[in-house]
Amino acid sequence: MRNSAAYECFARLLRGRHASIRDRIDSYRLGYYKMRGRRWTDFYARYVDRQTTTNDNTSQEYFDRGQQHLQFLESVGLRPDHRFLDYGCGYMRTGFYLIPYLQGGKYVGVDISPERIAMARNLAQEKGFDGEQYELHLLDGLNLAPVDDQRFDFVWAQSVFTHMEYSDIALAMKQIRHVLEDGGVFMFTFAPAEIQKTESIKDFWYPPEDMEKLSVQAGFEFDIVPGGEKVFPLNLVGRAVAPAAP
């Protein structure tokens with residue numbers, strides 16, 4: 001008991017005001033990044049790369065949830081003829097169900113993590129997908145230059161804004177609006193709260209009215225998709241629609 005109490009006392013000293021020792025270390029890393037003038041997305045890309053190389057998160061159960069995501073997207077208007085951008089595609093958990101659903105070559109995935117893009121390519125090859133059925137691009141931060149010459153009918157960002165600073169979300173929405181067709185739809189999950197807050201260095205909560213404000217500023221019409229929280233627990237699904245051309 002004494003050893004346990006001593007250990008907990010020592011752990012509290014190491015954690016300081018942070019939820020864990022790892023959070024404290026990450027906060028120092030983030031401070032170092034920003035001191036050098038680098039971006040949150042640079043820090044988070046490295047964070048995700050470390051998680052990818054140390055944790056195997058590619059179980060069948062993990063990928064099965066991608067089918068639920070596709071069913072949800074179908075229920076809110078996704079069609080096989082839509083050109084689709086998977087913003088923050090990760091391992092292509094949803095992408096592996098979207099590729100055969102969409103008409104050939106209409107799936108495009110982008111991510112800031114080199115490790116996850118590499119793993120997605122390897123998994124796609126293992127699953128027998130033809131390279132002409134999809135596109136994958138590594139992003140430099142929020143820069144959508146690799147797809148700047150394309151226009152999409154549907155953009156999806158699942159578990160992306162939950163790990164993004166407010167100012168970056170504002171920039172991301174403007175860039176997404178640029179590659180979205182008039183009348184196109186951008187849907188995203190976010191963790192709702194009464195006030196903006198951050199926990200565990202990488203988890204962000206935002207009031208729904210903040211998401212509406214950023215959407216409108218980027219040129220969208222905004223609403224919350226009813227029932228989205230049933231598919232994505234603890235999250236809401238925002239829908240930002242680009243007005244149709246006059």
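# Threonine 189 and its surroundings

Visitor: What does threonine 189 touch, not counting residues up to four places away in sequence?
Guide: Threonine 189 touches Trp156, Ala157, Gln158, Ser159, Phe161, Phe232, Asn235, Leu236 and Val237. Bear in mind that this is a predicted model.

Visitor: Where does threonine 189 lie?
Guide: Threonine 189 lies in strand S5, which covers residues 180-192.

Visitor: Is threonine 189 buried or exposed?
Guide: Buried, because its relative accessibility is 1% and the cut-off for buried is under 20%.

Visitor: And which backbone atom does its side chain reach?
Guide: The side chain reaches the backbone nitrogen of serine 159, at 2.8 Å. Ser159 is also one of the residues that threonine 189 touches.

Visitor: Ok, pockets. Which residues lie nearest the centre of the largest pocket?
Guide: Arg116, Gln158, Ser159, Val160 and His163. The lining has 46 residues, and about 1,000 Å³ of space lies in the pocket.

Visitor: Which elements each supply at least two residues of that lining?
Guide: Helices H3 (40-54) and H4 (60-75) do, as do strands S1 (84-87), S2 (107-111), S5 and S7 (203-206).

Visitor: And where does the largest share come from?
Guide: From H3, with six residues.

Visitor: Change of topic: the cores. Which residues have the most contacts inside the largest nonpolar core?
Guide: Tyr87, Phe161, Met173, Phe186, Phe188 and Met211, in a core of 41 residues. A second, separate core has 30 residues, including Tyr91, Tyr101, Tyr134 and Val237.

Visitor: What is phenylalanine 186 in contact with, leaving aside its neighbours within four places in sequence?
Guide: Phenylalanine 186 is in contact with Val155, Ala157, Phe161, Met173, Ile176, Leu180, Phe220, Gly238, Arg239 and Ala240.

Visitor: What about leucine 136, where is its place?
Guide: In strand S3, residues 134-138. Leucine 136 counts as buried because its relative accessibility is 6%. Apart from neighbours within four places in sequence, leucine 136 is in contact with Cys89, Met92, Gly109, Ile117, Ala120 and Arg121.

Visitor: How many residues apart are leucine 136 and tyrosine 107 in sequence?
Guide: 29 residues, with their C-alpha atoms 8.7 Å apart in space. For another pair, leucine 123 and tyrosine 91 are 32 residues apart in sequence and 7.9 Å apart, C-alpha to C-alpha. Leucine 123 lies in helix H6 (residues 114-126).

Visitor: Back to Met92. What is the phi of methionine 92 near?
Guide: Near 70°, a positive value in a residue other than glycine. Most residues other than glycine have a negative phi. Leucine 234 also has a phi near 70°.

Visitor: Where are the places of methionine 92 and leucine 234?
Guide: Methionine 92 is in the loop between S1 and helix H5 (95-101). Leucine 234 is in the loop between helix H9 (228-231) and strand S9 (236-241).

Visitor: Buried or exposed, methionine 92 and leucine 234?
Guide: Methionine 92 counts as buried, at 0% relative accessibility, whereas leucine 234 is exposed, with a relative accessible area of 76%.

Visitor: Now the chain as a whole. How many helices and strands does the protein chain have?
Guide: Nine helices and nine strands. Of its 246 residues, 48% are buried.

Visitor: What does the accessible surface come to?
Guide: About 12,800 Å², and 49% of that belongs to carbon and sulfur atoms.

How values were computed: Residues numbered from 1 in each chain as written. Predicted model: local features only at pLDDT ≥ 70, side-chain atom pairs only at ≥ 80, totals over all residues. Heavy atoms only, no water. Helix = DSSP H or I, 4+ residues; strand = E, 2+ residues; numbered from the N terminus. Buried < 20%, exposed > 50% of the residue type's maximum accessible area, 1.4 Å probe, protein only. Polar contact = N/O pair within 3.5 Å; in protein donor to acceptor, adjacent residues only side chain to side chain. Contact = heavy atoms within 4.5 Å. Areas by Shrake-Rupley, 256 points an atom, 1.4 Å probe, with all protein chains shown as cover. Core = buried A, V, L, I, M, F, W, Y, C linked by side-chain atoms within 4.5 Å. 1 Å grid on protein atoms, 1.4 Å probe; cavity = no way out; pocket = protein on both sides within 12 Å on 5 of 7 lines; lining within 4 Å. Points joined across faces, edges and corners; volume = space filled by probe spheres on them.
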